[in-house]
Amino acid sequence: MTFNEQELVKGCRQRNRIAQKQLYDVFGGKLFAICLRYTKNRADAEDVLQDAFIKIYENIDSFRSDSPLEYWLRSVVVNTALNHLRQQKYWKDLDDIEMHHNGIADKEITLGNFQMQQLLELIHELPPGCQTIFNLYAIEGYQHNEIAQKLGISEGTSKSQYARARGILQQKLNKEKRFDDGSVRNKQF
Amino acid sequence: MMDPSGINNFEDQWKRALQEASETPPQSVWEGIETHLDQHDNGRIIPLWWKSAKIWYAAASVAALLLAGGIWYKNAGTNHENASVQIAANQKAEKALTHENLATNETEKAGKGNASAPVIANNGVSQSKSEIAEVNKKADTKQNTTENVTGTLGNTGSLASKRSNSQGEQYAGKNSSNKNAPEPKPVALSELPSEKIAAVKEVAAVIAVTETPEKSISAERLTGLPYSDLDVHLQKRYVFFRPEVKSVTKEEETVKKKEYWAGLSLMPASFNPDVKLKEAPMAFAAQSLSNKKSVTGSSEAGASYAVQTQGGVRISKHWSMEFGLSYLKGNSSYLGGGYVLSAYNSQKSNVLESAVSPAYGNKNADFINNGALYIDVDKKVSNNYQYLQLPVQAGFTLNPEGKLSYSLLGGLMANFFLSNELESASGDIIKTTAVDQVYRDMNWAATTGLRFNYRLSSKWKASLTGSYQKAVSSGFRSNQSLDSHPYLYGVSWGVRYSF
């Protein structure tokens, strides 16, 4: 589906329902995937997505056209998800943990054989604080100082929690790879 | 922010695997969003002029007025009335909702039984919106825009029109069915530009209040005003340096040096002429006893006074010169010396009388070889003087600018003799004046004193002066057998005026 981003934004600013639906149809899938990464279950992801789109429509006037629309939409969704998680105080009591190396080299990990549902399941199995920090650092590309500022934790905590998440994921990936022998597991998420 | 490097293999793999991931959300999500948007659009008319800064100022002013009015109203003790208005408004709102529910049910029923239900519903919406002209315009604009967007977005005409129709139906249906939907739940907007969102809410709240004046004013709607730091304007201070300040001060002091004053005072005093006989008068010299006793008398001070006027000039901060003109009434008495009594004519004469007798025809001859008797008695006779005084004094003043200042005085005083009244042995008063050539017309006296000045105002001062005057030369002419060095103690009370 092709679309004109400026016209779409203009229609949304005019509260045009067709344009709003068009925006939802174009970006809803990607944004929902983000919600799934940050939440623990599908129902929470749906709530976050709904809240995020309501924010998007209500605050579309604050969007500046000098940056891509998708970046702005993603940032709204991520912030909404963080707000959702903040209410559950997932990372309130996060502490620094000793950083250790699990001895698994990065080059041994390949995600090409994993479907998105598998990867999401691995992420969901992370402790809540680790999950959030992993998403922010590895996927969204935020720096640890930015994450610390966003979550109200120390930079050291962000680093240590990320190292923990990374270790857990590496172990699980190796385990999945060993048992499944590289086959794709078609599990309905 | 986004890390474009992709150096880290682990993060890079996860990013590639999940960053572009997509998962179709269920239909219920859009339905929930649409429901919220419908409630939002129906419940609140979002004005197109909301970008105007004046609106925010007006809204802030209205909010401030409402808040102030609310506080005043609350203080006036009308809380109960507020509560009743609130209840009434709620009941009215509930009734309105009930009516809308009934209307919606009817619309739904009609939609089920008729294939053209969306059109009817759309008409219903248009009719309901036609109550407000502005909303009608908005609806027209919305329809036009819908057509434009559809035309722009749709690649295939049939698909676009199909989508447009279906969405139009959905929109219409939602519009008609949303009236019985519950109030929109509050959405946490802290992640997005919160000031903007809060401001939008605030304006919407103010508009809602304006549209439904019967509703009670909720203080919660007035508390979310966006705030921003005010600009800090620093006050610049300029300090001007004036190196000529000293010279200016000197000029002022110079001006102050030339201060003149005039004063008037009254001085109760103790005046003692200290009269002594250098040798016995002729009448007393005839007898050895009288000759000896005549010189043993002495003066006693009497209660005296002086009326003084002064004029002065301040020649420096501390130093001053002053001049004056005073009238001194110096009363005293003379004790001792006895008197002589003429056996021939019963005349008598005391020592002082005899001493000054040569000036009046020298009556001493009556007591010589004439059987005169000497009466040795310490009789006190009055001896009062009058002087005109011209003092010239220098003064050194301590604490001259203070409320209370102290001046040390010292100088000379010219005492011009006016008269002397001497009580004779017979009780008569012998008055001697300057023309009688007995007393010096003028004799000098040294004077010193301590003065306390109390500043009453910038011009007036009160003074209290303790003075001591002592004659440095005899008050009698040198050819007289009498000698006198008057001295005086006095305390003067006065005021003075500065020019």
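**Questions about a two-chain model**

Visitor: In which strand does B:Ser270 lie, and how do you know that it is a strand?

Guide: B:Ser270 lies in β1 of chain B, a strand that covers residues 260-272. A strand is a DSSP run of E with at least two residues, a helix is a run of H or I with at least four, and both are numbered from the N terminus. This is a predicted model, in which local features need pLDDT of at least 70 and side-chain atom pairs count only at pLDDT 80 or more, while totals for chains, interfaces and linings use all residues. Residues are numbered from 1 along each chain as its sequence is written, and chains are lettered from A and ligands numbered from 1 in the order in which they are written.

Visitor: Why is B:Ser270 called partly exposed?

Guide: A residue is buried with 20 or more other C-beta atoms within 10 Å of its own, exposed with 12 or fewer, and partly exposed in between, the C-beta atoms being placed from the backbone. B:Ser270 has 16 such neighbours, and is therefore partly exposed.

Visitor: What does B:Ser270 touch, residues up to four places away in sequence not being counted?

Guide: The contacts of B:Ser270 are B:Ala301, B:Ser304, B:Leu488, B:Tyr489 and B:Gly490. A contact requires C-beta atoms, placed from the backbone, within 7 Å. A further relation is given by C-alpha atoms: B:Gly330 is 60 residues away from B:Ser270 in sequence but 7.8 Å away in space.

Visitor: What makes up the secondary structure of chain A?

Guide: Chain A has eight helices and zero strands, and its elements run α-α-α-α-α-α-α-α from the N terminus on. Of the 189 residues in this chain, 44% are buried. Among contacts in chain A between residues at least 6 apart in sequence, 70% join residues at least 24 apart.

Visitor: Why are α1(A) and α2(A) called oblique to each other?

Guide: Two packed helices are described by the angle between their axes and the distance between the axes. The axes of α1(A), residues 5-13, and α2(A), residues 17-38, come within 7 Å and cross at roughly 130°. Axes are lines fitted to C-alpha atoms, for helices over the stretch in contact, with angles from 0 to 180 degrees between N-to-C directions. Angles under 35 degrees are roughly parallel, over 145 roughly antiparallel, 65 to 115 roughly perpendicular, and the rest oblique. The pair is therefore oblique.

Visitor: What is the hand of the crossing of α1(A) and α2(A), and which residues make the contact?

Guide: The crossing is left-handed: the near helix is turned anticlockwise from the far one by less than a right angle, whereas clockwise would be right-handed. The residues in contact are A:Leu8, A:Gly11 and A:Cys12 of α1(A), with A:Ile18, A:Ala19, A:Gln20, A:Gln22 and A:Leu23 of α2(A). Five of these residues are nonpolar, three polar and none charged. Nonpolar covers Ala, Val, Leu, Ile, Met, Phe, Trp, Tyr, Cys and Pro; charged covers Asp, Glu, Lys and Arg; the others, Gly among them, are polar.

Visitor: What makes α3(A) and α4(A) oblique to each other?

Guide: Helix α3(A), residues 42-58, and helix α4(A), residues 69-87, pack at about 130°, with their axes 9 Å apart. The two are therefore oblique. Their crossing is right-handed. The contact includes A:Val48 and A:Ile56 in α3(A), and A:Leu73 and A:Val77 in α4(A). By class, the contact has seven nonpolar, two polar and three charged residues.

Visitor: How do you know that β9(B) and β10(B) pair?

Guide: Pairing requires at least two bridges found by DSSP. Strands β9(B), residues 380-398, and β10(B), residues 404-423, have 16 bridges in the antiparallel sense. In one of them, B:Gln389 has B:Asn415 as its partner. The two strands form a hairpin with five residues between them, and B:Asn399 in the turn has a positive phi of about 50°.

Visitor: Which other strands does β10(B) pair with?

Guide: β10(B) pairs with β12(B), residues 442-455, over 13 antiparallel bridges, where B:Met413 stands opposite B:Ala445. β10(B) also pairs with β11(B), residues 429-433, over five antiparallel bridges.

Visitor: What makes β7 and β8 of chain B edge strands?

Guide: The open sheet has the order β7-β6-β8, with antiparallel pairing. β7 (348-350) and β8 (373-375) each pair on one side only.

Conventions. Contact = placed C-beta atoms within 7 Å.
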